[in-house]
Amino acid sequence: MGFLSGLSAVLAFRTIPTTIFITVIYAAVFSTLLITDQLPSVPKYTRGLDIQQTYRDLHEVAARPHPFNSHANVLVRSYILDRVQNIASSYDHVSVNFDLSSNASWASGLLSTNPYAVYYESDNVLVKVEGSDKEYQESGGLLLSAHWDSVSTAPGATDDGMGVVTLLSMVKYFAENRPSRTVVFNINNGEEDGLNGAHVFMEHPWVNITDTFLNLEGAAAGGRPLLFRATSRAPLASWSTSRPHANVITGDAFSRGVIRSGTDYSVYEQAGLKGLDFAFYRGRSRYHTKYDSIPGMSDDKSKNALWAMMEGTLSSSLVLANDVKGKTRSESVGQGSEPVYFDLFGAIMIVFTFQTLWIVNIILLTVGPVILLMLVYFEHIIRVTSRIRSGYYRAANGDVHRESFVARASVEIKHFLKSFWVWSKFWIALLLGVGLQMLLVVGYAKLNPFVIHTHPWLVLLSASSLAYLTIVLALTFPLTKHGVVPAPEQQKLSILLHQYVLTWALLVYTTSVVTLGGTYFITAWNAVALLGAVLACVEGMAGARGYEDEEEIERQRRYVHGVHYDAVGTAENGHRDSENGRQHVDVIEETEPTEITPLIAQHDQFTPLGEEQGAIGWWIAQLLVVVPLPVILVSHIAVIVLFAMNQTLTDGANPFGVYGVISMLALLIVLPLAPFSMNMHRWLNTIILIIFVLSTLYTYLAFPFSQETPLKVYFAQSVDLDTSRVVTELTGPHHFLSTVIIPRFPSAFNQALNCTDAPDKLGLQTCKWEVGDAFVPSPGRSERHYGQGPTSSLEKWVTTSIKRTGSNSARIKVQGLNTRSCTLQFSGKRVKEFHLSGDGRKGLQGGSEVPEDGLEQIRLWSRDWEKEFEVDVEFAGNEDEKASGRVSCGWAEYESATVGGGRTEGKIPSLEEVLLFLPEWAVVTKSSAALFDAGWEFEV
C-alpha cells in the first residue's frame with residue numbers, strides 16, 4: 001500500500017501532479033520556441049558563399065539613403081554593375097544586360113477611390129547565368145529578384161540592401177557552380193515608389209526564360225527573415241533551409257488585405273510565374289528610417305540577419321535551379337491547390353494543399369461526432385449497469401421513501417442546478433474569458449494604445465494571464481467545504497466533450513466560411529480534442545477511479561463489507577414523527593455480532609473527505625494528447641503575429657484590431673488546458689494573478705516609445721509655385737505630434753498649426769504649418785547647366801505647358817530641375833486614356849486597364865535627369881467641362897543624406913530641422929515618394 005500511495009501521489013489526477021505536468025509542458029513549448037526563434041550565428045562553413053565579401057558589399061550599397069530620384073542611387077547602381085560585370089568577365093555562361101531600353105505604363109490602385117497610372121523607364125541591372133541543360137536554357141528558368149533603391153529617409157540595409165548583396169553572392173556562386181536551369185537576376189530599381197522595376201522587367205525578353213521566382217525583400221528592419229508568401233505548393237518543395245521560418249498566415253494576411261503594402265512578388269504572380277517571397281518582417285519602428293542601417297544594428301545582428309537571408313536563398317535556389325525532373329514546377333491547379341505550410345521550431349517544414357486540409361476537415365466533421373456519441377452512449381450504459389449490479393437504485397429508492405416531498409424536491413432542484421452548472425460552466429468560462437479580454441483590449445486602446453510598440457511580450461503576458469485566471473477560476477468553482485474540486489475526473493470528461501464541441505463548431509466555420517490555410521491549427525485542435533474525449537470515455541467505461549457518482553461513494557462509505565446494519569430511530573436532529581410530533585431520524589447502527597459476522601473486524605478504506613482522490617495514468621495520456629500540439633501551433637502563430645503587428649499602429653493600424661488579435665491568440669493558447677484546470681494549484685493561481693496585475697498596470701502606464709523602438713513620424717513638404725507658399729507637414733499620433741514634437745521646431749514657432757485626420761493612416765493626424773524663407777527647400781544644381789549653382793528662382797523649378805488638342809483631349813509637357821520624377825494630378829474631370837511621346841503608343845501593360853471612372857493621377861519616372869515628359873491625355877466626362885489639376889515634380893535629396901557621395905546641393909532645411917530636434921524616442925520617415933514637391937495649378 002505504501003508503493004501505491006506513493007505512485008498515486010505522483011501520477012494520480014491530483015493538484016500537484018497536474019500543476020507540475022502542465023507547467024512543464026508550457027515552459028518547454030515557450031522556452032524551445034524562444035530559443036529557436038533567435039537569429040542563427042554565421043557558421044564556419046558557409047557552403048561556398050563569401051559572407052565577408054557580401055558584408056563589404058552591404059557597406060557600399062547601404063552607405064547612405066539612395067532613393068530612385070537621387071544621385072546616390074546612381075552610385076549604388078554603378079557599384080552593382082561593376083561587381084556583376086567583373087564576375088561575368090571570367091565566365092562565358094554569364095552575361096549582363098544593363099537595361100536602358102525597356103519602358104512601361106500601367107494602371108494601379110484600381111480598387112481605391114484614387115486610381116492612378118504609372119509611366120516608368122528601366123535602368124535595371126540584369127544578369128543571366130545560362131544553365132548547363134540545353135532543354136532549360138531558354139525556358140523553365142529561375143528568376144531571382146531584389147531592388148537596390150531605398151527610401152529617401154533610410155540607407156536601406158534590410159530594405160533591400162541585404163537582398164541585393166545576397167543576389168551578388170548568388171551570381172558569383174552560380175557562375176562557379178553552373179546550374180542545370182538558366183538563372184536570371186533582376187536587380188531592379190524603383191520598387192519603393194510602386195514596384196516599378198518589376199513592372200518594367202515584364203517588358204524585357206529575359207522574362208520569357210523564367211517560370212519560377214524567388215523574391216528577396218525587407219518589409220521591416222532586421223531579425224529573422226520569413227517566407228512571406230508562396231504562389232503554390234510546388235515551389236515550396238525547395239524550401240529546405242537548416243532553420244526554416246514560414247507560415248501561411250502571412251500569405252493569408254496579404255490575400256485578405258490585412259497587410260496593405262506590396263512587394264515585387266505581386267507583379268511576378270500577376271504575370272503567371274510561380275514562386276516565393278522571402279523577407280524581413282520584424283522591427284517596423286526602424287523600417288524606412290535612419291535606423292535601417294548597419295550602425296542601426298550591432299555587427300553580430302546585421303551579419304546574422306544577412307547570413308539568414310543568404311542561407312535561405314542558397315538552399316531554395318539550388319533546388320529550383322537544378323530541378324530537371326520538374327518537382328518544383330509540376331502541380332495540380334484549380335480550387336484547393338493553394339499551399340498550407342508552417343514550420344515547427346525552425347526544424348521542419350510542414351507542407352500540404354488546402355484541398356488536403358479540406359478533406360481532413362470533412363472527415364473530422366462527419367466521423368468525429370458519430371464516434372464520440374457512440375462512446376458516450378456506451379459509457380452511460382456501462383455506468384447504469386454497474387449501478388444496477390451494486391444495488392445503487394434499491395438503496396436510493398429506499399432513501400427516497402423515507403424522505404418527505406419537500407426534502408425530495410429540494411434534492412432534485414439541487415441535483416438539477418449542479419448538473420446544469422457542470423454542463424454549462426465551460427461555456428460560461430469561455431464567454432467570461434472573451435468578455436474580459438474585450439475589456440482588456442478597450443483598456444489598452446483607450447489608455448495606452450502604443451504600448452505594444454515597445455512592450456509586446458508584456459501585453460501578451462497580460463492577456464495570457466487574464467485568460468488563464470478566467471478559465472481556471474471559473475472551471476474550479478465551486479470547491480467543496482474541504483477545498484477540493486468534487487469529482488474532477490467527471491468534470492474533466494465533461495469539459496473535454498464541450499471543448500470538442502467548441503472545436504467542431506470552429507471547424508465548421510473555417511471549412512465553410514473562412515476557407516483560409518492559416519486555420520490549420522483549428523483542424524489539429526479538433527483532432528486532438530476528439531482523441532482526448534475518446535480516451536476519457538474509455539476511461540469511464542473501464543470503471544477508472546473517480547467516475548463513481550458522489551451519492552454512491554457516500555453510500556458505500558457508510559458501510560463495511562461483511563457487517564450487518566439496522567436502522568434505529570432517534571429524536572436528535574431529525575424529522576417529526578407523524579403521531580407524537582417528536583423529531584426522529586433513522587441512524588444506521590451496527591448490530592451485535594452473529595455467526596455470520598467476520599471473525600476479524602473489517603475497516604473501511606475510503607479516503608477521508610478532505611483529501612483528493614484521482615485515477616492513475618489515464619489523465620496523463622489525455623493531457624499529452626490534448627494540450628501540447630494546439631499550444632505549439634498557436635504559439636508559433638502568436639510570435640509571428642506579435643512581432644509583425646506590434647509596431648504597425650504608427651502606420652495607421654487599428655488598435656482594437658491589433659490588441660484584439662493578440663488577446664484572441666492568448667485565449668487560444670490557454671484553452672487547451674481547460675479540461676485539467678480544476679486541479680491547478682492555488683499558489684500557481686496566486687502567482688499568475690500577481691503577474692496579471694503587475695503586467696497590466698505597467699503596460700497601462702508605461703511610456704510607449706524608446707530609442708530602440710522609436711515613434712515614426714511622416715514628413716512631407718509642398719511648394720505652391722503660384723503663390724511661393726511653402727508648407728511643411730508631419731503625420732503621427734496627435735497627442736505626441738502637436739503637444740510634444742512640433743513645438744520643438746523653430747520653424748513652427750508662432751505659426752498657425754492646422755491638424756486634420758490623416759487620409760491614409762487610421763488614428764493618425766497630419767499637422768501643417770507654413771515656413772519662412774530660411775526653410776525653403778532647393779532642388780539643387782541643374783543637370784542642364786552643370787557647374788552652375790542652384791537657382792533661387794522658384795518658377796524655374798518646374799516648367800510646363802498645357803494646351804487643348806481636341807474637344808476632350810490635351811497635351812501636357814512638364815520638366816523638373818534636377819529630378820527624374822513628375823506627377824499630373826487631375827481634379828473634376830478624370831483621364832480615360834493617355835500616351836507618352838516616344839513610348840510607341842503600345843498602351844498599358846497586360847492585365848492593366850483604366851477604370852471606368854478614369855484616372856485621378858499619372859506618375860512619371862525617367863531614367864534620365866531633367867527629362868521633358870510629353871503626355872497626351874483624353875478626358876472622361878462632358879466635353880464642355882473644363883479640366884483642372886496640378887502639375888508638379890518631386891525631389892528626395894538633402895544634405896545629410898549625401899555625405900560621401902551623390903551631392904548636388906539639394907537641400908531640405910525643414911527635414912534637417914526635424915532630424916535635429918526630434919526627441920530621442922522618435923524618428924522621421926518619408927510620407928510619399930518625394931520629400932518635397934513643387935507645382936503649378938492648371939485649368940484647360
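**Chat about cores, disulfides and helix pairs**

Student: Let's start with A758: buried or exposed?

Tutor: A758 counts as buried, at 10% relative accessibility. Buried here means under 20% relative accessible area, exposed means over 50%, and partly exposed covers what falls in between (1.4 Å probe, protein chains only). Bear in mind that this is a predicted model, where local features need pLDDT of at least 70, side-chain atom pairs count only at pLDDT 80 or more, and totals for chains, interfaces and linings use all residues. Residues are numbered from 1 along each chain as its sequence is written, and side-chain values use heavy atoms, with hydrogens and water left out.

Student: Where does A758 lie?

Tutor: In the loop between β16 and β17. Strands are DSSP runs of E, at least two residues, helices are runs of H or I, at least four, and both are numbered from the N terminus.

Student: And what does A758 touch?

Tutor: Leaving out residues up to four places away in sequence, A758 touches T731, L764, Q765 and T766. Contact means heavy atoms within 4.5 Å. A758 and T731 are 27 residues apart along the chain, with 7.0 Å between their C-alpha atoms.

Student: OK, disulfides. How many does the structure hold?

Tutor: Two. The criterion is a pair of cysteine sulfur atoms within 2.5 Å. Counting bonded cysteines along the chain, the pattern is 1-2, 3-4.

Student: Which cysteine pairs with C755?

Tutor: C767, with the two sulfur atoms 2.0 Å apart. The link of C755 and C767 is right-handed, with 110 degrees about the S-S bond.

Student: Where is L817 found?

Tutor: L817 is in the loop between β19 (809–816) and β20. L817 is buried, with a relative accessible area of 6%. From L817 to C889 the C-alpha distance is 8.4 Å, although they are 72 residues apart in sequence.

Student: Switching to the core. Which residues have the most contacts inside the largest one?

Tutor: F185, I187, Y520, W797 and V873, in a nonpolar core of 208 residues. A nonpolar core is a set of buried Ala, Val, Leu, Ile, Met, Phe, Trp, Tyr and Cys residues joined through side-chain atoms within 4.5 Å. Helix α16 (residues 520–541) gives the largest share of this core, twelve residues. Apart from it lies another core, of 15 residues, including L126, L195, W206 and Y265.

Student: Now helix packing. How do α14 and α19 pack?

Tutor: Helix α14 (residues 456–476) and helix α19 (residues 628–645) meet at an angle of about 130 degrees, with their axes 10 Å apart. The axes are lines fitted to C-alpha atoms, for helices over the stretch in contact, and angles run from 0 to 180 degrees between N-to-C directions. The angle makes α14 oblique to α19. Under 35 degrees is roughly parallel, over 145 roughly antiparallel, 65 to 115 roughly perpendicular, and the rest oblique.

Student: Which residues meet there?

Tutor: P456, W457 and L460 in α14 meet V639, L642 and F643 in α19.

Student: And what are the angle and axis distance for α3 and α4?

Tutor: About 155 degrees and 9 Å, for helix α3 (residues 51–61) against helix α4 (residues 71–88). That makes α3 roughly antiparallel to α4. Q53, D57, E60 and V61 of α3 make the contact with V76, Y79 and R83 of α4.

Student: Last one: how many helices and strands are in the protein?

Tutor: The protein has 23 helices and 26 strands. Of its 940 residues, 55% count as buried. Among contacts between residues at least 6 apart in sequence, 81% join residues at least 24 apart.
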